[in-house]
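This report goes through a two-chain model by region. The sequence and structure come first.

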Amino acid sequence: MLPLLGETGRLRLVLGRVAVLVASLLAASAIVFWLVNALPGDVAQVMLGNSSDPASVAELRARLGLDRPLLVRYGDWLAGLATGDLGHSAFTGEAVGGLVARPLTVTFWLVALGTLGSLVVAVPAGLWAAHRRRHWDGFAVNALSQVGMAVPAFLAGIALVLLFAVNLRWLPANGYVSFGSDPAGWFRTMLLPVVSISVIQGAALTRYVRSAFVEVGTSDHIRTARSIGWGRLSALWRHGRREASLQVVTVLGLQVAAGFAGAIVVEQVFVLPGLGSMLMNAVASRDLMVVQSVVMVLVAIVLVVMALLDLSYVALDPRLRTRRDGRGGQ
Amino acid sequence: MRRASLVIGTTLVALTVLSGLLSLVWTPFDPVGVDPRSALQAPSGAHWLGTDQLGSDVFSRLISGAQICLVVGLVSVGIAAVVGIPLGVLSGMGPDWLSRLVVRVTDVLYAFPAVLLAILLAAVLGGSTVTGLVAIGVATIPVFTRVTRAGALQVMSQDHITAARVAGIGWFTIARRHVLPNIAPLLGVQASVSFAMAVLAEAALSYLGLGTQPPTPTWGRMLYDARVLLFSHPGLALWPAAAIAAAVLGFNLLGDGLRDLLDPRLREVR
């Protein structure tokens, strides 16, 4: 049982979570920086090719600041991140912050709408699978989610392209139109990518929603609700959804992380100019500053979302509210 | 119904393993052989599943693809287990501050999916089978830590552990004799489910070109190559897709089946 919290207790909870978030961001930045910079492999050498003379390699190393100690470079990068400066591309010299803005909106909407879509799929499907778990249709939903989990998101994308772009010719197979220039076109180009993320993420989420509702269904207050005349489905939904949502919120953060991973691949399938495409180009050209800053942006978004979801417990769980709200007292 | 998951899961996993083993000793054609004259043939007596745009035999490539899938799965789950299980035991049995620290560290790792780790590694070292399996292995560590920790906490709250501690038995012995044997079924189930996730991740990485490099046949790469021929030869995408789905479904169902078989307490309340 969670203790009942007063106003100061709740403030301490929020501040504590923010402190953990800051520590997590620092740890994540260290992981990213260490992986990219401490592994063997000389960026300057790679950029100039193996046949280049040592003097020009040394010159480039100096120009990129690679001759300075690792810790100093980490400190610089971190200070830059804190002030919104994501460094500069080693090739074009452009600020990564400026390069990131447009792809970020593409990936953001892809993941946001995909996660929303997965909830739209998973909540009714999971509730139904829990409600009808002893019947063939509940079993069918469960089996379908199992199959959905076995399909990579990019495969779903390919299947959707085959059906809607190749056979039916309703939607474009790939390409991207910005929302500003053509909202209808934006919708048409984003629809299939969003659906492929929704379906695959939704399949995994359906299993969580199902087991959450199955567990809630065995609790006493649902039995009481049933005994005073509530139908099984409406009792589960009306009196069980808050409890079930607590469990679902726990995995939603991981779903967002998986959503970004899925988006990187789905962007390749549909040739969307998002962060995934930007990252893959940067990997191909070994533009390490772009790779490390863009990965850090993605990881930071996931960590912030996880923190926000943790804090949303306070809103979802009345036991964490203050007495003065007049709702949480016992 | 419970038996069904175990039976279907075992069958699909066995099919994948047998294909991989068979391809070690025999394939109808050289899986990396190129023969432009016989490119894009329909399935026939000679080429059971047809040929791709380079004239390679699809069936040979398909069964050889099981090798990389299984190697990456085994090694990455191995990495995750070797690092994740001790961490989990440590945080389940250790002092409170250590327990919290491990949870926070695994939470940070959760923010690094395999694809992101592979991108970081590939940017420096280039894409390879090793890049892929290290990325997938590290990304799988937090799941093992979390499951082990939960299991260890549960075991530690039981009376026979209290008795052992009162009797002055050291924590290492308790971990070895009581905690690990008790949570072994749980970990076996997790290994199977994580194997399924690893197969999915490997497919994604080789599709992106971050994992195993051509010409070594992988299912993800076969899908990537089939992508440009989706309009004219959709069958080329079908086979690797089916192989990925079968392997993942197999390991997932095997995990579900094992859960019911090994530990009746984990069974869903009915």
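Val271(A) counts as partly exposed because it has 14 C-beta neighbours inside 10 Å; a residue is buried if 20 or more other C-beta atoms lie within 10 Å of its own, exposed if 12 or fewer, and partly exposed in between, with C-beta atoms placed from the backbone. Val271(A) is found in the loop between helix 10 and helix 11 of chain A. Its phi is positive, about 50°, although Val271(A) is not a glycine.

Arg286(A), in the loop between helix 11 and helix 12 of chain A, also has a positive phi, here of about 55°, and is not a glycine either. With 19 C-beta neighbours inside 10 Å, Arg286(A) counts as partly exposed. Most residues other than glycine have a negative phi, and most peptide bonds are trans.

## Model and confidence

The model is predicted: local features need pLDDT of at least 70, side-chain atom pairs count only at pLDDT 80 or more, and totals for chains, interfaces and linings use all residues. Residues are numbered from 1 along each chain as its sequence is written, while chains are lettered from A and ligands numbered from 1 in the order in which they are written.

The model scores ipTM 0.86 and pTM 0.88. Chain B averages a pLDDT of 87, and 96% of its residues score at least 70; pLDDT is the predictor's confidence in each residue, from 0 to 100. Among the elements of chain B, the highest mean pLDDT, 93, belongs to helix 2 (residues 58–93), and the lowest, 84, to helix 6 (residues 159–166).

## Chain B overall

Chain B has nine helices and zero strands, in the order α-α-α-α-α-α-α-α-α along the sequence. Helices (H or I, at least four residues) and strands (E, at least two) are DSSP runs, numbered from the N terminus. The C-alpha trace of chain B spans about 75 × 45 × 35 Å along its principal axes.

Of the 270 residues of chain B, 51% count as buried. Two residues are in contact if their C-beta atoms, placed from the backbone, lie within 7 Å. Among contacts in chain B between residues at least 6 apart in sequence, 71% join residues at least 24 apart.

## Details within chain B

Leu12(B) lies in helix 1 (residues 2–25) of chain B and is buried, with 21 other C-beta atoms within 10 Å. Leu12(B) and Ala245(B) are 233 residues apart in sequence, yet their C-alpha atoms are 9.8 Å apart in space. Leaving aside neighbours within four places in sequence, Leu12(B) is in contact with Ala246(B), Ala247(B), Leu249(B) and Gly250(B).

Helix 3 (residues 96–110) of chain B has 15 residues, which should span 21 Å at 1.5 Å a residue; its end C-alpha atoms are 21 Å apart, which agrees. The expected span is 1.5 Å times one less than the number of residues. Val102(B), Thr106(B), Val108(B), Leu109(B) and Tyr110(B) are buried in helix 3 of chain B. The buried residues of this helix pack against helix 2 and helix 5 (129–156) of chain B and against helix 1 and helix 10 of chain A.

Pro214(B) and Pro215(B) are joined by a cis peptide bond, with omega about 10°. Pro215(B) lies in the loop between helix 7 (171–208) and helix 8 (219–227) of chain B.

## Contact between the chains

The contact takes 45 residues from chain A and 37 residues from chain B. On the side of chain A that touches chain B, helix 1 (7–37), helix 6 (136–149), helix 7 (153–167), helix 10 (232–270), helix 11 (275–284) and helix 12 (288–316) of chain A each supply at least two residues. By class, this side of chain A has 39 nonpolar, five polar and one charged residues. Ala, Val, Leu, Ile, Met, Phe, Trp, Tyr, Cys and Pro count as nonpolar, Asp, Glu, Lys and Arg as charged, and the others, Gly among them, as polar.

Leu120(B) is in contact with Val32(A), Leu35(A), Val36(A), Val291(A) and Val295(A), leaving aside its neighbours within four places in sequence.

## Domains and the nonpolar core

Chain A is assigned domain 1 (1–91 + 314–330) and domain 2 (102–286), with bounds from an automatic or database domain assignment. Taken over C-alpha atoms, the centres of these domains of chain A are separated by 28 Å.

A nonpolar core is a set of buried Ala, Val, Leu, Ile, Met, Phe, Trp, Tyr and Cys residues joined through C-beta atoms within 7 Å. Of the 170 residues in the largest nonpolar core, Val291(A), Val299(A), Ile119(B), Leu120(B) and Val199(B) touch the most other members. Helix 7 of chain B gives the largest share of this core, 18 residues. The core lies between domain 1 and domain 2 of chain A, because both give residues to it.
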